[in-house]
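Please keep the sequence and the coordinates at hand while reading.

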Amino acid sequence: MRTAEHIDALEAAGRGLADAAEAAGPDAGVPTCPGWRVRDLLRHTTTVHRWATGFVTEGHAEYRPEGAEPPLDGAPLLAHYREGHAALVAALRAAPGDLAAWTFFPAPSPLAFWARRQAHETAVHRADAESALAAGTGPGPVGAAFAADGVDELLAGFHGLDRSRVRTAVPRTLRIRATDTGDVWTVRLSAAPPVTERGTADGGTADGGPAAGDPAAGGPVDAELTGTAARLYLTLWNRLPASAVTASGDPELLRLWRETSAIG
C-alpha cells in the first residue's frame, strides 16, 4: 500500500473509533482488552497518536517515551482524542517525503513507517471500540488489501524484532494463508525471533520469484491458519477468537501464538 492510502486508512479508522466509543460510552467494557473500559482505550490511543505526531513534526532521531495519559473522561476525553487524531493525520499529510525520524523496524522511509504503523494501530483499536458496543456485533469490516498489509506488518515487522516472545525450543513452521488476496506467509519459529517470508498462493515470493521447496508453495508445515485477510488480521491481533479462522495441524502452535504474541 502507498503512504497516502495508509493515511486515508488512519483517518477513517480514527473516526470510526471515536464514533464507536461515543456510542458505547466511557464506562463500557472492552472485551478484546480485558480490564479496560472505553475511557482506557481512548486515553491510550490518543497518547500514542500524540507520541507519533512528535516524531513526524519534530523529526526526533532517537526513541522518546510516550507522555502521560490525559486525566480526562467523558465528552472532554473524546474531544481530546478527536483533536489528537486529526493532528496526526494532518502532520502525516504535510510531512516531506524525505522526513528523517526514528522508527523501530525497517520501512521504505520514516514517513511510510509512521503512516503504516499508526493506520494499523488505530484500526486495531477501532475494532476494540466496536467490540464494546452494546449490540455485541464485534469488530466491523476491514478491507482485504489493508488487512493483508497489517498481517505482513505484524509478522515481518513486530515479530521480526528481538523482543518477540513467539519462540519454540524445537524449530517449527507455521503457514498463514489468506483465501481472498492469495497472500501466504511462512513463519519459521525457533529459539530465535520468528523469520517470516511472504509468498503467494501459487508458491511465488512477494517479489515474483520462485519459492521451490518452500512451505509457502504447499509443502509440509506443522500448522496452518486459513481465512480471509480480515479474519486473519483480527485473529492474529487476538481481536477475534481462534474459531474465526480455519486451523489445521498442531494446535499447540495456535495456542503458543495466542499466549505469547501480544504487543506491549
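Predicted model: local features only at pLDDT ≥ 70, side-chain atom pairs only at ≥ 80, totals over all residues.

Residues are numbered from 1 along each chain as its sequence is written, and side-chain values use heavy atoms, with hydrogens and water left out.

**Helix packing**

Two packed helices are described by the angle between their axes and the distance between the axes. Axes are lines fitted to C-alpha atoms, for helices over the stretch in contact, and angles run from 0 to 180 degrees between N-to-C directions. Helices (H or I, at least four residues) and strands (E, at least two) are DSSP runs, numbered from the N terminus.

| Pair | Angle | Axis distance |
|---|---|---|
| α1 and α2 | about 155° | 10 Å |
| α1 and α4 | about 25° | 8 Å |
| α4 and α5 | about 105° | 11 Å |

Angles under 35 degrees count as roughly parallel, over 145 as roughly antiparallel, 65 to 115 as roughly perpendicular and the rest as oblique. α1 and α4 are therefore roughly parallel, and α4 is roughly perpendicular to α5. α1 and α2 are roughly antiparallel to each other.

The crossing of α1 and α2 is left-handed, and so is that of α1 past α4; this term applies if the near helix is turned anticlockwise from the far one by less than a right angle, and right-handed if clockwise.

Contact means heavy atoms within 4.5 Å. From α1, Leu10, Leu17, Ala21 and Ala24 meet Val38, Leu42, Thr45 and His49 of α2. This contact has six nonpolar, two polar and no charged residues. Here Ala, Val, Leu, Ile, Met, Phe, Trp, Tyr, Cys and Pro count as nonpolar, Asp, Glu, Lys and Arg as charged, and the others, Gly among them, as polar.

Between α4 and α5, the α4 side consists of Arg116, Arg117, Ala119, His120 and Ala123, and the α5 side of Phe146, Asp149, Gly150, Asp152 and Glu153. By class, these are three nonpolar, two polar and five charged.

**Pocket**

A pocket is an open set of points on a 1 Å grid over the protein atoms alone, where a 1.4 Å probe fits, with protein on both sides within 12 Å along at least five of seven lines; lining residues have an atom within 4 Å of a point. Of its 28 lining residues, His44, Glu121, Trp237, Ile263 and Gly264 are the closest to the centre. α4 gives the most to the lining, with seven residues. By class, the lining has 14 nonpolar, seven polar and seven charged residues.

**Backbone**

Asparagine 238 has a positive phi of about 60° although it is not a glycine. Asparagine 238 lies in the loop between α6 (229-236) and β5 (246-249).
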